[in-house]
Amino acid sequence: MKRLTFPKSLEPVFSALAKVLVPAQDDLILEGFEAHFFFNFGRIFNELPPIFRWGFIWGIRFFDWFPVLFGFGLNRFSHLSFESAKKYVDAWANGRLGVCREFFKTLKAMVILVYFSEPKVWEVIGYAPENHLKERIEMRKKILSGGEEKVHWPHEEETNA
Amino acid sequence: MIIDSGQVTKNIDETCDVVVVGSGAGGSVMAKELAERGLSVILIEEGGYHTVESFNNTDTINSLVNLYRNAGGTFLAGKPNVMYAEGCCVGGSTTINGGMCWRTPDKILKRWQWEFGLTDLTPKKMEPFHHRVEEIISVKPVLQESMNNDSMILKRGADKLGYQTRANLRNHNTCVGANQCITGCPTGGKQPPLVTYIPAFLKAGGKLITHCRVKKIRLKNRRATGVKGVMIDPVTKAVRAKVKIRSKITIVCCGAVQTPALLMRSGIRSASGALGNNLFIHPNTKVLGVFDEPIYGWKGVNQAYQITEFIDEGIIMGVNFIPPGIFALAFPFYGGGFLNTMKEIFNHSVCGAALIEDTSRGRVINLPFDQVVTTYQLNARDFELAKRATALLAEIYFAAGAKRVYLPFRNLHEINSIDEVRKIYTTQLKPIDLELMSVHIMGTCRMGINSQQSVVNPSGELHDVKGLFVADASLFPSSIGVNPQQTIMALATRSAFLISENISRYMI
């Protein structure tokens with residue numbers, strides 16, 4: 001049986017959803033961003049158990065095709081205007097149906113996780129682990145090559161005081 | 001010797017003394033201790049073998065895909081659903097944990113003695129096993145150089161309120177606080193089994209098979225005779241070869257979800273009816289505190305302190321940095337301003353969690369095609385405890401100078417002063433409104449002397465199947481209220497000693 005992977009046809013839905021969940025800002029350079037976002041999204045999706053992958057895909061299709069059930073006319077979610085899309089997302093997030101709320105929570109978690117794992121977003125929020133990592137690796141080398149290891153033990157400080 | 005699915009061209013058919021399934025806290029210890037006693041041991045791991053050098057990048061998604069089961073997308077169904085994380089790589093969850101080391105609390109051991117007849121598990125009798133583990137994985141306090149602001153802020157708040165804190169003991173050798181513990185330590189400072197027990201196991205002549213999923217335990221006349229499994233391609237997930245291992249002793253160490261699932265899949269039933277039941281999870285509530293001062297939680301060690309003032313009530317608290325992708329999940333909101341909010345607070349916030357010693361129970365259920373579902377229902381006592389833990393953590397943040405605290409409740413997201421902490425009690429909250437997560441899954445094959453009450457005997461062997469042992473957190477008869485890594489390792493050391501003392505019984 002062929003393994004179910006993340007279908008390209010769903011990319012516009014996630015693109016629209018990401019725009020609603022985390023609207024882009026001027027200081028975020030978007031060049032090449034979407035391609036990397038979908039690459040990572042696909043990697044996470046492909047690791048999920050088969051039953052979740054099937055459920056997820058059909059859930060997304062339902063989410064995309066049936067704004068009509070929530071009073072948004074015969075448009076697909078990915079074709080809605082930004083304002084309507086936002087209202088539609090609110091209806092899923094805060095609606096009465098627990099199944100919809102839970103599904104949306106999963107959907108939101110996946111988008112947010114992948115979005116905020118993008119190095120370009122890290123730059124915007126001020127997270128720069130690469131340099132920190134290099135510094136710490138150097139620091140460890142220095143300590144191991146003869147420096148003294150000072151253990152932080154507050155009880156000692158108290159005793160000394 | 002390491003065999004990976006990438007190298008395999010034909011089916012594997014091997015014979016050995018001991019086969020160990022799972023290379024985490026329990027499996028790695030068992031494999032090393034038994035291999036060093038001259039037994040031929042094969043260690044099987046479903047995930048891949050990733051070296052410290054391979055962690056020298058900061059790609060969160062890469063780590064989730066390579067090191068976590070289902071890329072971290074595992075959850076317990078219930079009200080509320082609870083996300084949980086477990087490792088799926090050589091070293092198991094020890095490769096991706098914060099490295100906190102606690103000996104089993106005396107009160108827990110006493111409870112196990114009374115309720116489950118585990119009279120050999122006294123603090124005194126467990127001492128040599130804990131000591132051995134502590135030496136091998138270098139358990140000690142954190143270094144001064146690695147201290148970071150978020151831990152100091154937590155301590156500042158706790159000190160102001162007169163709450164007791166504990167400078168954490170961690171398994172490290174010159175950890176300098178790269179703070180990438182949960183995505184694999186890139187400096188080699190953390191000393192999980194990946195860099196301690198596994199190399200010693202390989203040196204002792206052990207054989208490690210990676211990317212191998214065990215499907216069934218082979219049984220003959222109520223005796224385990226090995227395992228059957230498949231080698232899996234890590235990318236396509238296609239089956240590359242079949243694996244058959246014949247052994248005298250079989251040890252299952254796949255964690256509290258996968259271990260009972262594998263036993264049940266193999267047709268094993270426990271007379272006690274406890275197999276797969278009594279799942280405990282140490283529910284965690286995540287609470288974010290926002291401060292005016294810059295904090296940079298990612299610069300420094302993970303959880304230098306824990307607040308232990310409420311340990312007798314079943315609550316311990318700590319702060320730990322989590323990468324932005326996971327950090328952002330703590331916010332209930334979305335839309336315009338989300339990115340700006342993250343920009344404003346990311347380097348000014350402290351992310352803390354309160355761990356609860358739970359009494360709620362969950363269950364592991366097998367589905368067709370090797371799929372597993374886990375359920376967990378938070379009871380009223382634990383819900384109240386979760387609320388109290390959240391309130392206490394919020395109070396500590398405000399005492400330390402927080403200007404805003406984000407809470408894990410759907411209908412109470414944010415409070416802005418210490419006076420508003422009371423809202424946690426006055427707002428109408430239901431368990432389903434609570435966001436929980438877990439990283440400590442325990443107790444589905446509990447240990448005890450009575451086969452009508454427990455799944456395995458005090459040495460870790462199944463009451464109902466000879467030559468079949470369990471050595472992971474599923475052994476725990478109850479929730480233990482502290483980080484379980486060291487307890488699992490000490491119990492596995494003890495089991496390995498008992499097996500080697502009585503080896504003639506199994507070498508038939």
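## Close-up views of a predicted two-chain model

F37(A) and F41(A) sit four residues apart, about one turn, in helix α2 (residues 33–47) of chain A. Helices here are DSSP runs of H or I with at least four residues, strands are runs of E with at least two, and both are numbered from the N terminus. Before we look further, note that this is a predicted model, in which local features need pLDDT of at least 70, side-chain atom pairs count only at pLDDT 80 or more, and totals for chains, interfaces and linings use all residues. Residues are numbered from 1 along each chain as its sequence is written, chains are lettered from A and ligands numbered from 1 in the order in which they are written, and side-chain values use heavy atoms, with hydrogens and water left out.

**View 1. Two phenylalanines in helix α2 of chain A.** F37(A) has 3% relative accessibility and counts as buried. F41(A), at 0%, is buried as well. Buried means under 20% relative accessible area, exposed means over 50%, and partly exposed lies in between (1.4 Å probe, protein chains only). Over all chains, the search of the whole structure finds 33 aromatic pairs. The ring centres of F37(A) and F41(A) are 6.0 Å apart and the planes meet at 35°, so this pair is tilted. Rings of Phe, Tyr and Trp (its six-membered ring) pair if their centres lie within 6.5 Å; planes under 30 degrees apart are stacked, those over 60 are edge-to-face, and the rest are tilted.

**View 2. Y88(A) and W92(A) in helix α4 of chain A.** These two residues are four places apart in α4 (residues 82–94), about one helical turn. Both Y88(A) and W92(A) are buried. How are their rings arranged? The centres of the Y88(A) and W92(A) rings are 6.2 Å apart with planes at 75°, so the pair is edge-to-face.

**View 3. Arginines over tryptophan rings.** In chain A, the charged end of R61(A) sits over the ring of W58(A), 5.1 Å from the ring centre. In chain B, the charged end of R166(B) sits over the ring of W102(B), at 3.7 Å from its centre. A charge sits over a ring when NZ of Lys or CZ of Arg is within 6 Å of the ring centre and within 35 degrees of the ring normal.

**View 4. Helices α1 and α4 of chain A pack against each other.** Helix α1(A) (residues 11–21) meets α4(A) at an angle of about 85°, with the axes 10 Å apart. The two helices are therefore roughly perpendicular. Axes are lines fitted to C-alpha atoms, for helices over the stretch in contact, and angles run from 0 to 180 degrees between N-to-C directions. Angles under 35 degrees count as roughly parallel, over 145 as roughly antiparallel, 65 to 115 as roughly perpendicular, and the rest as oblique. Which residues make the contact? From α1(A) come L17(A), K19(A), V20(A) and L21(A), and from α4(A) come F82(A), A85(A), K86(A) and V89(A). Contact means heavy atoms within 4.5 Å.

**View 5. F469(B) and its neighbours.** F469(B) lies in strand β22 (residues 468–470) of chain B. With a relative accessible area of 1%, F469(B) is buried. Leaving out residues up to four places away in sequence, F469(B) touches several others, among them I249(B), I251(B), V252(B), I499(B) and Y506(B).

**View 6. T183(B) in a loop of chain B.** T183(B) lies between β8 (169–171) and α6 (197–203). Is T183(B) buried or exposed? At 10% relative accessibility, T183(B) counts as buried. Its contacts, leaving aside neighbours within four places in sequence, are F55(B), S63(B), L67(B) and P323(B).

View 7. Most residues other than glycine have a negative phi, and most peptide bonds are trans. K79(B) and P80(B) are joined by a cis peptide bond, with omega about 5°. N278(B) is not a glycine, yet has a positive phi of about 60°.
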